Amino acid sequence: MSVSVYYSAKRADALTAAEIQAINALLEAFNANKGASSCEDMDFYAAVGEYGGYEDGVLLQGALKPSRNLFNVRKNMRHILASLSALKQVLPDAEWDVALDDLSACWDEERGFYFD
C-alpha cells in the first residue's frame, strides 16, 4: 500500500521574484537532505513550467510518496512536514492545503504542519 502527501498553496497575487528564489532554495535543501532510501524528490506540478502558472490562484501544488521502508517513514514524514512548513513561512498569506491522502494536516505556528 502506498500513500502520498498532497500539498497546494493558493492566493490571488502571483509569486514575487524573492519568493521564487526562497522556494527554489527550500526545494534544493529538501532534495539534498532527504536521505538515500527515503521519499521522492519534491517537485511542483507545473502547467506552464513556472510556479504560479495554475488556474484558480494555485501557486504551488504537488505530491510526495514517503519511503515504503517502515524504518524510514517517520523520519521521512518529519522531513516532508518540516519542509512544507518552511514553504508556508515563505508564503504565509497563501491558503495552504496539506493532506496524507484523505487525512488533512493541522497547522500550528510553533509546530508547523502535523497530523493528529
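**Basis.** I worked from a predicted model, where local features need pLDDT of at least 70, side-chain atom pairs count only at pLDDT 80 or more, and totals for chains, interfaces and linings use all residues. Residues are numbered from 1 along each chain as its sequence is written, and side-chain values use heavy atoms, with hydrogens and water left out.

**Elements.** I found 2 helices and 6 strands in the protein chain. Helices here are DSSP runs of H or I with at least four residues, strands are runs of E with at least two, and both are numbered from the N terminus. I read their order from the N terminus as β-α-β-α-β-β-β-β.

**Burial and contacts.** I looked up the share of buried residues (under 20% relative accessible area, 1.4 Å probe, protein chains only); they make up 40% of the 116 residues. I then took contacts, meaning heavy atoms within 4.5 Å. Of those with a separation of 6 or more, 64% join residues 24 or more positions apart.

**Helix α1.** I checked the length of α1, residues 17-32: its 16 residues should span 22 Å at 1.5 Å a residue, and the end C-alpha atoms are 23 Å apart, which agrees. The expected span is 1.5 Å times one less than the number of residues.

I noted Glu19, Ile23, Leu27 and Phe30 as buried in α1. They lie on the same side of α1, because their arc around the axis is only 75°, taken from the directions from the helix axis to the C-beta atoms. Their cover includes β2 (58-64) and α2 (70-90).

On the face turned away from that buried side I listed the exposed residues Ala17, Ala18, Gln21, Glu28 and Ala32; exposed means over 50% relative accessible area.
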